[in-house]
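Please read the following briefing alongside the sequence and the coordinates.

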Amino acid sequence: MRYVESRKNLLGSAGGIVGLGLTFTGVAGAYWPVVVAGLYGAGALIAPPERPAPPDFPDPSAQLDELRTDFEKLRVYLADVELPPAASGRLTELTELIGALLDPGWVAEVLAQDPEGVHMLSRVVRQDVPEAVDTYVRTRWWNRLAPGQEPPERHLDRQLGLLQDEAGRLATALRETEARRQEIHTRYLEDRSN
């Protein structure tokens, strides 16, 4: 069935119909089967090749829906982990910022238009925060066996600070995008009124 609907068959059939037209007008003569088959073959040969359909990737809003689900899993995980007060406070600020960026609404719509931002936020939620917290928990246990090392709390606090800075830069970039959009609209209205 795919061949019947293919470009090669359709163009070949058009050539074959032209061959039949030539036969009925008397141009093809006794060689009409060769003319019809030849025009069908020529049409099938010059037809452009079938191109495969492009892959169907999820749209950005579907990616954000998956990321929201993963973020809720991360929140459940973080609720069960005991962290020092400074790191806990920083982690709370980070998760509130991520939650604000992922909340459905106009912010998420702006974020969906920024593939790099979606990737960065996805990496923070799915990899960076879980790894930082899990590494802290494991290192803390080893630190009890070999005291005198640099406390794992410092590394966790620095890691969470860096992640918070990264998420803050994303929020700033999204805000600047909206500010540019507003400026462009103002210029458009000013130009229209002149």
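Leaving aside its neighbours within four places in sequence, Asp 128 is in contact (heavy atoms within 4.5 Å) with Arg 123 and Leu 163. Asp 128 has its place in helix α6, residues 115–145, where helices are DSSP runs of H or I with at least four residues, strands are runs of E with at least two, and both are numbered from the N terminus. Between the C-alpha atoms of Asp 128 and Asn 9 there are 54 Å in space and 119 residues in sequence.

The model is a predicted one, in which local features need pLDDT of at least 70 and side-chain atom pairs count only at pLDDT 80 or more, while totals for chains, interfaces and linings use all residues. Residues are numbered from 1 along each chain as its sequence is written, and side-chain values use heavy atoms, with hydrogens and water left out.

**Helices α1 and α2**

- Helix α1 (residues 7–24) packs with helix α2 (residues 32–46) at an angle of about 150°, their axes being 7 Å apart; axes are lines fitted to C-alpha atoms, for helices over the stretch in contact, and angles run from 0 to 180 degrees between N-to-C directions.
- The two helices α1 and α2 are therefore roughly antiparallel, given that angles over 145 degrees count as roughly antiparallel, under 35 as roughly parallel, 65 to 115 as roughly perpendicular and the rest as oblique.
- The crossing of α1 past α2 is right-handed, a term for the near helix being turned clockwise from the far one by less than a right angle, with anticlockwise giving left-handed.
- Among the residues of α1 that meet α2 are Leu 11, Gly 12, Gly 15 and Gly 16, and the α2 side includes Trp 32, Val 35, Leu 39 and Tyr 40.
- By class, the contact of α1 with α2 has eleven nonpolar, eight polar and one charged residues, where Ala, Val, Leu, Ile, Met, Phe, Trp, Tyr, Cys and Pro count as nonpolar, Asp, Glu, Lys and Arg as charged, and the others, Gly among them, as polar.

**Helices α3 and α4**

- The axes of α3 and α4 are 11 Å apart, and the helices pack at an angle of about 160°.
- The helices α3 and α4 are therefore roughly antiparallel to each other, and their crossing is left-handed.
- In α3, Leu 64, Leu 67, Arg 68, Phe 71, Arg 75 and Leu 78 meet Leu 91, Thr 95, Ile 98, Gly 99 and Leu 102 in α4.
- This contact of α3 with α4 divides into seven nonpolar, two polar and two charged residues.

**Helices α4 and α7**

- The axes of α4 and helix α7 (residues 152–193) cross at roughly 25° and come within 10 Å, and α4 and α7 are therefore roughly parallel to each other.
- The passage of α4 by α7 is a left-handed crossing.

- Pro 84, in the loop between α3 (60–79) and α4 (85–102), is buried at a relative accessible area of 17%; buried means under 20%, exposed over 50% and partly exposed in between, with a 1.4 Å probe and protein chains only.
- Leaving aside its neighbours within four places in sequence, Pro 84 is in contact with Tyr 136 and Glu 153.
- Thr 92, in helix α4, is partly exposed, with a relative accessible area of 38%.
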